[in-house]
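Open the structure in your viewer and keep the selection tool ready. Each stop below tells you what to pick and what is there.

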Amino acid sequence: MSSSEFLPQTQTHTRARVGGWDLLGSEISVLFRRRRTWAMLAAVALIPTLLAVAVRLSSSTLDPGEGPPFLDRVSQNGLFVGFTAMVVAIPLFLPLTIGVVAGDTIAGEASLGTLRYLLVAPTGRVRLLLIKYAGAALFCLVATLTLTVSGALIGAALFPVGPVTLLSGDTISVTESLWRSLLVAAYVTVSLLGLSMIGLFISTLTDVPVGAMAATIVVSVVAQLLDVIPQLDWLHPWLFSHYWLGFADLLRQPLDLGSFGQNAIVQVCYVAVFGALAYSRFVTKDILS
Amino acid sequence: MTGETQVQGLAIETRGLAKKFGSQTAVNGIDLMVPRGSVFGFLGPNGSGKTTSIRMLLGLSLATSGTISVLGQSMPARLHEVLPHVGALVEGPAFYPFLSGAANLRRLDTADRFAPRGTRRARVQGALERVGLSHAADKKVHAYSLGMKQRLGIANALLLPRELLVLDEPTNGLDPQGTREVRSLVHSLAAEGTTVFVSSHLLAEVEQMCTHAAVMSAGSLVAQGTLAQLRQVGESRVHLRTPDAAGALRVLTHLGLDPVLATSDAADEVVIALLGDTNWQPEAIVTALVAGGVRIRGFAIEEPSLEERFVALTGEGFDVVQ
């Protein structure tokens with residue numbers, strides 16, 4: 001170590017551990033510097049926008065209960081745009097974006113070849129998995145918030161805004177309903193955490209990011225298919241997608257957090273199981289990319 | 001490589017290092033010994049197991065059998081202690097194409113928990129300067145040429161002062177000017193005391209850059225030592241160009257050499273003779289030839305080249321040995 005001008009303290013063989021979790025910041029900045037990420041967020045924001053514009057332009061009024069839940073109420077109260085958009089986006093569109101981000105985590109680095117450079121830096125393999133998962137989880141949050149916020153904005157722009165009548169028949173103030181919107185966003189974010197970990201696990205299996213993305217999306221579709229087969233009702237409570245639409249419970253008075261809790265438990269189980277699988281796969285993996 | 005190396009210690013030492021992929025053996029029990037402070041050429045044709053060995057040295061892939069010690073510590077068990085002191089370029093550079101060169105280096109630097117944040121910008125700038133990429137620091141990497149990516153890869157290995165640099169084919173894709181720059185960079189790093197482990201399939205490169213070398217062939221280590229030791233196996237020889245081949249053969253035989261007629265093109269014929277253990281000085285041979293009436297159009301004593309040795313060890317041509 002003759003040229004340790006940068007690190008005068010490193011005379012010995014062990015170098016001081018600095019930097020800490022800088023890689024997490026770097027991971028987030030790389031994620032949000034990709035055009036792909038912004039394109040997906042723009043598409044997410046487009047869902048409530050399209051929905052609101054379509055309702056605004058059509059002259060016919062829907063009968064109560066027609067179309068997706070809440071759609072019939074949109075024209076009376078703009079605050080329902082966000083809820084309706086969430087119902088529309090959760091089965092396919094949000095899982096699709098999560099599939100892209102989570103499927104890309106490890107496989108994307110492997111296909112670029114940067115995985116080997118991250119590992120010889122050295123980034124610990126466990127640390128890299130945790131950081132990659134944190135990045136995917138953050139994307140879940142940002143995507144659902146994007147949908148909620150753009151829904152509220154476009155709803156307020158095109159429709160009257162006023163106190164919201166809940167599913168239980170009670171009426172809550174505008175401020176209260178905005179809080180409920182954020183709670184719905186939190187619910188949906190939690191809903192997607194299990195799928196994110198499944199995507200991370202699949203991503204450790206391959207060096208082809210597109211394959212991992214597609215497989216993750218397929219898994220989410222299959223889970224929802226299984227959820228509608230009555231013969232498999234014993235399995236339903238254990239499907240990560242089972243409570244995806246359960247956020248309607250957050251639109252009752254008094255607030256019912258039961259499904260929030262059940263959903264969270266299922267998601268934690270998936271995170272634990274697939275986290276363990278990803279760990280056991282990745283720590284012993286030969287990095288040949 | 002005995003007494004001296006033991007005093008200095010080894011930067012890399014493997015014992016019976018082997019890697020199998022299914023039934024195929026990529027690396028077949030190699031005992032690599034890289035002395036500290038050396039510039040060590042890891043030579044072998046494409047597909048001879050160089051990169052697979054390097055992956056195992058760096059803990060990227062697990063050895064099927066055998067032990068590895070890098071900088072005196074066992075790998076991959078002590079990976080977190082060892083790798084902060086190792087800079088590496090493995091199987092070509094790899095970067096995020098949508099980030100600039102400097103942003104790429106900063107990203108990879110954050111991956112090293114031992115790299116201080118405070119000096120990150122300065123270190124990135126310094127490394128870019130060192131490989132002559134300062135002007136392209138803010139350009140996106142997808143606009144880089146292969147040679148520029150290669151330089152950026154080397155810059156990444158130089159972000160911190162290292163005890164060991166592992167450079168896998170560092171001059172790949174570089175123009176002659178770039179190749180020279182890499183060579184002088186390696187020399188200056190070695191002068192600072194860094195051990196440099198360079199893999200290459202180009203013999204000339206190793207000959208110009210390295211103090212030691214090892215030769216891989218079909219997954220086995222077929223030779224290793226200082227360049228002088230590797231050369232010793234070959235012999236110096238006389239290379240004579242003359243129109244009087246018959247006379248030359250007679251004179252050289254008379255001197256106790258064993259000359260052969262190598263080629264005979266239009267005007268000149270070429271006579272080659274191994275010097276063997278005769279102690280003839282070149283001028284004495286020329287005097288004898290002139291005295292024997294042989295007209296000399298060209299005369300040289302050729303030192304044994306590493307190339308012959310290399311070819312002898314690894315086989316000629318493009319056959320990738322399976």
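This is a predicted model: local features need pLDDT of at least 70, side-chain atom pairs count only at pLDDT 80 or more; totals for chains, interfaces and linings use all residues.

Residues are numbered from 1 along each chain as its sequence is written, chains are lettered from A and ligands numbered from 1 in the order in which they are written, and side-chain values use heavy atoms, without hydrogens and water.

**Stop 1: chain A.** Select chain A. Its C-alpha trace spans about 80 × 50 × 35 Å along the principal axes. Ten helices and two strands make up its secondary structure elements (DSSP runs numbered from the N terminus: helices are H or I, at least four residues; strands are E, at least two). Along the sequence they read α-α-α-α-α-α-α-β-β-α-α-α. Chain A has 289 residues, and 51% of them count as buried (under 20% relative accessible area, with exposed over 50% and partly exposed in between; 1.4 Å probe, protein chains only).

**Stop 2: a surface patch.** Now pick Leu92(A), Val221(A), Leu225(A), Val228(A) and Ile229(A). They form a nonpolar patch on the surface, with about 430 Å² of accessible area together. Zoom in on Val228(A). It sits in the loop between helix H9 (209-227) and helix H10 (258-282) of chain A. Val228(A) is exposed, at 62% relative accessible area.

**Stop 3: the largest cavity.** The whole structure holds four cavities of 30 Å³ or more (a cavity is a set of points on a 1 Å grid over the protein atoms alone where a 1.4 Å probe fits but cannot get out; lining residues have an atom within 4 Å of a point). The largest has a volume of about 130 Å³. Of its 14 lining residues, Tyr117(A), Val120(A), Ala121(A), Asn156(B) and Arg162(B) are the closest to its centre. Next, show helix H6 (114-120) of chain A with strand E7 (86-89), helix H4 (101-110) and helix H6 (146-157) of chain B: each supplies at least two lining residues. E7(B) gives the largest share, three residues.

**Stop 4: helix H2 of chain B.** Select residues 50-57 of chain B. Seven of the eight residues of H2(B) are buried, so the helix is largely enclosed by the rest of the structure. Among the buried ones are Lys50(B), Arg55(B) and Leu57(B). Gly59(B) follows H2(B), and its phi is positive, near 75°.

Notes
Patches are made of residues with over 30% relative accessible area and no salt bridge: like charges are joined within 9 Å, nonpolar side chains (Val, Leu, Ile, Met, Phe, Trp, Tyr) within 5 Å. Accessible areas come from the Shrake-Rupley method with a 1.4 Å probe; for residues, only the protein chains shown count as cover. A salt bridge is a side-chain nitrogen of Lys or Arg within 4 Å of a carboxyl oxygen of Asp or Glu. On a 1 Å grid over the protein atoms alone, a cavity is a set of points where a 1.4 Å probe fits but cannot get out, and a pocket is an open set with protein on both sides within 12 Å along at least five of seven lines; lining residues have an atom within 4 Å of a point. Grid points are joined across faces, edges and corners, and a volume is the space filled by probe spheres set on the points.
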